[in-house]
Amino acid sequence: MRNVMTTMALQPHPRLYAATEQIDRLRKAPNSPLLKQAQQRLLATVDGYLASPDFDWKLNTHNAHLLRARTMQTRVVSLLVAWRMTSDERYRQAAVEHVLAMGDWEYWSWITWRQDNADPLAIFDLSYGENAATLAIAWDWLVDTLTPTQRKHFVRIARDRALRPFLAHSGRRNAAFWFGRPDSNWNTVCAGGAGMLALAMHEELSEARRALPRAEASFIPYMEELRATDGGWTEGLGYWNYGMRYAFMYLLSHERATGQRHPLLRQKATRQTLSFPIDLAPHGISCGFGDANSWKPMPFHYATAVHLGCDELIPRLDTMLESRGIQDGGWPDLAELLLFHPRKRSKAGKIQKPARKLYRGMDWGGLADQLPDSGIYAAIRGGTTEVPHGHRDLLSFWGVIGDEALIENLGVGPY
């Protein structure tokens, strides 16, 4: 697939995954119990962010700095959504203060913290990718409201703490292990965050204009891998949510920023992958075979389904989300649900009787008396053990009757 770039001027801000249409939606009253609950919980939470951009986080724990990055992203996006929803200037100012605080963090990476290496150029890992996405969203929403001094600080943080480290680890001679990798969520989290920031600050920084084609180059093998599996993902359901969240955030941002259709977003396999986790989670029961076998509907799924016209998926996502409730997942789920839920009930797709699906190339299969709302369901795994986050247990299976898992595949613990 050809590298996608544009010589056209980019759209005005906001231009990323949430543009004017989605932001304007926030001024409308929620029209369902699910969205009313999301709005109430969001507004009850964000007031706690007003006092300070500092928060408690556990330093001596696995991936501590990555978890801090997610907390910060949740805070910043939630404050931005609350500001647009209420026009309360306190939320906007708090969002600015949170971003400025990120620039004062000595370490962005848990890996380099353990190595006692505070050089920002030493690595570009998952926490860098998530922080880059947070910076991108904040600049996109706030740029027209910033003072000259604030703009200067935002640009400095983006350049020195995100884009220059990305460029240092995405060249031909010095590429990080994740760059261009077809089967790892690290690819889209890192390249997607950097790519969003490159789109957001395209006019301000030469580093942004250099970073964008590299993000594109890294994405191509990842998204084209979906062709070999009919949209399946060998890392399993949990890492599908993680990797695809940043994949679709970037690809939606690219289309909205450039005004052009992105071939990686428009390929058949991309539409197919939107059904993959839903088909392997009957009644919300995760029946995958990765080491993070948990799944829940997330707002990016709604955003992409609506954008690609896959409206038949919306009722299935709603049913699962309504039955499980909105769970805190580490990212700004409440805020993004208010942004991306279409706020209308789409017509349900045709019921499949019987239903069967084999994801070729990875050999994960599902059988059911019908989908959705199966009475009897089984998921079976063949394929290979040589995949990231996989188990050395071919021919594993799940058995689900109604909404109860009666036969469970062994999880991480028993291994």
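This is a predicted model: local features need pLDDT of at least 70, side-chain atom pairs count only at pLDDT 80 or more; totals for chains, interfaces and linings use all residues.
Reader: Is Glu130 buried or exposed, and with which side chain does the side chain of Glu130 make a polar contact?

Author: Buried means under 20% relative accessible area, so Glu130, at 0%, counts as buried. This residue is found in helix α6, residues 126–142, and its side chain makes a polar contact of 3.0 Å with the side chain of Arg70. Beyond residues up to four places away in sequence, Glu130 touches several others, including Leu66, Val189, Tyr242 and Trp331.

Reader: Which parts of the chain are linked by the pair Asp230 and Arg360?

Author: A salt bridge is judged by a side-chain nitrogen of Lys or Arg lying within 4 Å of a carboxyl oxygen of Asp or Glu. The side chains of Asp230 and Arg360 meet in such a bridge, at 2.8 Å from N to O. The pair links distant parts of the chain, with Asp230 in the loop between α9 and α10 and Arg360 in the loop between β1 and β2, 130 residues apart. Asp230 is buried because its relative accessible area is 14%, whereas Arg360, at 45%, is partly exposed.

Reader: How many salt bridges does the count come to, and which residues are linked in a network?

Author: The count comes to 15 salt bridges, and Arg159, Asp160, Arg164 and Glu207 are linked in a network of them.

Reader: Which residues make the nonpolar surface patch?

Author: The patch, of about 650 Å², is made by Leu367, Ile376, Ile380, Phe397, Ile401, Leu406 and Ile407, and strands β3, β4 and β5 each supply at least two of its residues. Leu406 lies in strand β5 and, since its relative accessible area is 52%, it is exposed.

Reader: Where does Leu395 lie, and with which residues is Leu395 in contact?

Author: Leu395 lies in the loop between β3 and β4 and counts as exposed because its relative accessibility is 64%. Leaving aside neighbours within four places in sequence, Leu395 is in contact with Arg381 and Gly382; Leu395 and Gly382 are 13 residues apart in sequence, with 5.0 Å between their C-alpha atoms.

Notes. Residues are numbered from 1 along each chain as its sequence is written. Side-chain values use heavy atoms; hydrogens and water are left out. Patches are made of residues with over 30% relative accessible area and no salt bridge: like charges are joined within 9 Å, nonpolar side chains (Val, Leu, Ile, Met, Phe, Trp, Tyr) within 5 Å. Accessible areas come from the Shrake-Rupley method with a 1.4 Å probe; for residues, only the protein chains shown count as cover. Helices (H or I, at least four residues) and strands (E, at least two) are DSSP runs, numbered from the N terminus. Buried means under 20% relative accessible area, exposed over 50%, partly exposed in between (1.4 Å probe, protein chains only). Contact means heavy atoms within 4.5 Å. A polar contact is a pair of N or O atoms within 3.5 Å; within protein, one must be able to donate a hydrogen and the other to accept it, and residues adjacent in sequence count only if both atoms are side-chain atoms.
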